[in-house]
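I am opening my notebook on a new structure today. I will look things up one at a time and jot down what I find.

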Amino acid sequence: MRDLAATLTVEAYVPAAGSARRDAGMVLAITVFFVLVGLLTVYSASSFLAQSKGLPDHYFLRQQASRALVGLVVLYVLARVDYRIYRRLAWPLLGLTAAALLVLVLPGTEAIAPSRNGARRWLEIGVTVQPSEAAKLVMIIWAAALAAKKGERVRSLRWGLAAFGVVYMAIAFLIMLEPDLSSAALIGLLCAIVLFTAGARIGHFILLGLLAVPILWEYVQAASYRMNRLVTFLNPGSDPTGVGHQLKQSLIAVGSGGLFGVGYGESAQKYDFLPELHNDFAFAIIAEEWGLIGVVTVVLALAAFGFMGLRIARRAPDAFGFLLAVGLTAQIVIGALIHMGVTLGLLPTTGITFPFISFGGSSLVVSLAAVGILLNIGSWRA
Amino acid sequence: MSALAQPPRPHQETRGPLARWFVAVAILALGIQFFRIQILKHSTYALRSDDNRIRELRVEPARGTLYDRTGRVVAENVPGYAIVVLPLSADSLRVALEHLGAILGHPREKTERLYSAYRQHPNLPVVVENNATFAEVSAVEERRAYLPGGIVIEAAPKRHYPWGATLAHVVGYVGEISEADLALPQFEGYEPGRIVGQTGIERAYDRVLAGSPGKRYVEVNALGRLVGDFRGHEKVAPVPGSDLHLNIDLALQMKAAELFPDTLAGAFVALEPKSGSVLVLYSAPEFDPNAFVGGIDPTVWNELSNSPGRPLFNRAVSAAYAPGSTFKLVLAALAINDGYAGVDTRMPIPCRGALLYYGRVFKDWTPIGHGALDLNGAIRESCDVYFYQLGLKVGLERILTGVRDFGFGRKTGIDLQSDIAGVFPPSSAWYDERYGASGWTNSVVLNLAIGQGENAQSVLKMAQFYAALAADGVLPRPRLVKEATLAEPAERLPLADEQLAALRAALVEVVNAPSGTARASRLARWTLAGKTGTAQNPHGEDHAWFIGFAPAEEPAIVAAVVLEGGGSGSAAAAPLAAQLIEYYLASQSGLKGSELAAGG
């Protein structure tokens, strides 16, 4: 407990010097840039929606801005908390997350975990939180901690990957019960990246992947909308008014943007043509309003974020820091890549948010928390 | 803490490049796709984005105003509302139409008709009601929150006919274009939902009156609800239709309507002999054209179309009546022209009240008979026996072909689409075809000669012929609209001036000579010339005819009237035409009714 107390003191924070500090500064700058782009996009995309619901046009903007503020405070605090504390907090955090996920699937808890659009993904405890968003961060921390502890043993199936598999399956199972397949799959991918970085064998992933196929297939078939999404992805013209509608409208948004975009606030697709556009299709609005110029700017910023994040990882003082930084960087970059892939129809339609940009408090706060931890790792001298 | 500060392991070194490749490929794939969609396919998607949300709405042009010859408005536009549904999916449209149908009290069939019309033109807005009342518009607006999206209320000028029934058959009325009309070359380029002329001037001059609709663009959301005007496309202002001036004299038309017996059907036509300007075109019974504007109430429609008087039928232009004795002038003109007779030619058999022809008795209208008459006298007294013989003398074949030189057997050329050619056999082969070669005899010529038999003409056609007699032999093209230009030069009757003068003199005697059939209708101030007709009607009372013109020396007006079942032409028809002519001439010379009486 003394260690824990020590790590929580501000004195433990030793500012890094030189390039490491510049990396952290860049990461922070890009993050702030993304948050601002997000606020602009949310306002443009949601003002019509807000008005059509009889709310002021800035209703969603204000919600997003207040959460961004909370998230930046979290970032600031976490940037000053020694990241090594998470090695010890990994299991307790995992337990807490599992408990929260359990509440979502248990019967009788509808009062704090209501069903919205047929899914129970949100906990309403004064504020509305989405435990599966938090689970992304927690699972990365836990995977990094375990992999760092196991060291070379991650290369063995029995002592390495199997243990991860069991815990992951349990968490993923809870998330899939919400149901939220895409989050479960993304968490699996992020954990796999951490483990892969730690040295786990590719063959093992393939083996686990093959084991998962029948389970996933069963799951996809069980819900017709998932099947529809998959079929639509494989054959985009098959259902232009139903599931294909979102993708079609997303492509129209992106395509009509052209090189320079239609201009900020001029998006035509926001008039409900593109459902969920302020979260699942936020990037489509950016592509429409700012054109390829805007897309390239965002993608370059994202690439820079990834580059800086990985540099921070390489300079991390220990294996845990290294793995954690890789995982956190992946969380942001992979999430954004998947979101863009969905926007373009390169991936099946899933509800993956663009970190910082998509509307949604949990996603925003968790992403900013991840950056906070990343900045702290970057602040240590290797 | 053993894992702290471990050096990178060898297998981690190979994973760095792998991860970099993976990220590079992902970004490259995204980049290619963004470039493909945003640059290469940009125009396609931009168009689809427009299709998504921009709807074109027609802006109805103001229809041209119609004036009578004295400048009085006879058809105008008053403010109105149209209720339009923007193109939606079939299901949403059905829901919208059903809701609106319930609010507006439309019958089920109307909703079905609109729905099927939409299915044929799925990209056009559906005009649910083009003549909504303020109450209906309010009812829709009140319920807007519960109604499906895409319902738009637009200001749409509405047609109004201030003189109602009096000019119904001249002006006609407007209504929504029918599917059948859309296929006509006349309405090429018109869209469903357009308001077009259905009858009368409104129809004949629709291209002139309609103007061209403008366009405006609105933006809608995914539910079809109106978001607002779309400023990206330029609005196209509607071009208002051109105004037209009728040759109709509204006061005279009203006088004709007033003179016409309320209980009878028939028609009244008056022309300016030289110009062919139509001064009066009245058909009885009449109807109120305002009832048709914006779609007629089905019960009113049933009443109008099932009424035995057939008020929608334009008897002045489209009805073919046996012309009776009024046709004797055609035969007289033909005979004079061919040299079979002059005005002083007598027929071999004097009139004793009937003519025996091959064992068949052909009666004169008076059993007393007219005695021996020349052509002039036969016209004056309308002697049937004389004309039976004249008909035989000219011969069937010559009559059948000859009347064509006098304008018969073809349309009058009036600027109305309901113009008819009348009935007159083109050749004797026509009789063979109809009755068989042995099924008819030469006696048909006797009937033709007195305007009976296979001889039916419109009132307008007869008026046209008398106008030619009145005016130097030129067959005028009847014209309702002043602005109408004539493409072809007018035809002439093949009569010399003195022949025309002789015929006119005979017509003067009909009204003014002591034995004239229309003597009771002579005018005090002017010399009226004309001819009575009493056409046999197989269905009842005779049809009464009179066609006259005045002043005989310098005719200013030709009037023709037919009264279905009116009885004798001299008793029933001649006084009406005489009064109309007198009224017109008096107003032309600035006389008032009192002065007229004093002068008489």
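Entry 1, strands. I looked up what β3(B) pairs with and found β7 (residues 158-160) of chain B, joined to β3(B) by 3 bridges and running antiparallel. I counted strands as paired if DSSP finds at least two bridges between them. In this pair, Asn77(B) stands opposite Arg159(B). Next I checked β2 (residues 66-67) of chain B, which is also antiparallel to β3 (residues 73-78) and joined to β3(B) by 2 bridges. Here Leu66(B) faces Ala75(B). The hairpin of β2(B) and β3(B) has 5 residues between the strands, and Gly71(B) has a positive phi near 90°.

A note on the source: this is a predicted model, where local features need pLDDT of at least 70, side-chain atom pairs count only at pLDDT 80 or more, and totals for chains, interfaces and linings use all residues. Residues are numbered from 1 along each chain as its sequence is written, while chains are lettered from A and ligands numbered from 1 in the order in which they are written.

My helices (H or I, at least four residues) and strands (E, at least two) are DSSP runs, numbered from the N terminus. Which residues of α3(B) are buried? I found Leu93(B), Ala96(B), Leu97(B) and Leu100(B). Buried means 20 or more other C-beta atoms within 10 Å of a residue's own, exposed means 12 or fewer, and partly exposed lies in between, with C-beta atoms placed from the backbone. Seen down the axis, the buried residues of α3(B) fall within an arc of 100° (taken from the directions from the helix axis to the C-beta atoms), so they line one face of the helix. The face turned away carries the exposed Asp91(B) and Ala102(B). After α3(B) comes Gly105(B), with a positive phi near 70°.

I looked for nonpolar cores: buried Ala, Val, Leu, Ile, Met, Phe, Trp, Tyr and Cys residues joined through C-beta atoms within 7 Å. The largest has 137 residues, and Tyr466(B) is one of those with the most contacts inside it. Leaving aside neighbours within four places in sequence, Tyr466(B) is in contact (C-beta atoms within 7 Å) with Ile547(B), Phe549(B), Val558(B) and Ala560(B).

Conventions: Two residues are in contact if their C-beta atoms, placed from the backbone, lie within 7 Å.
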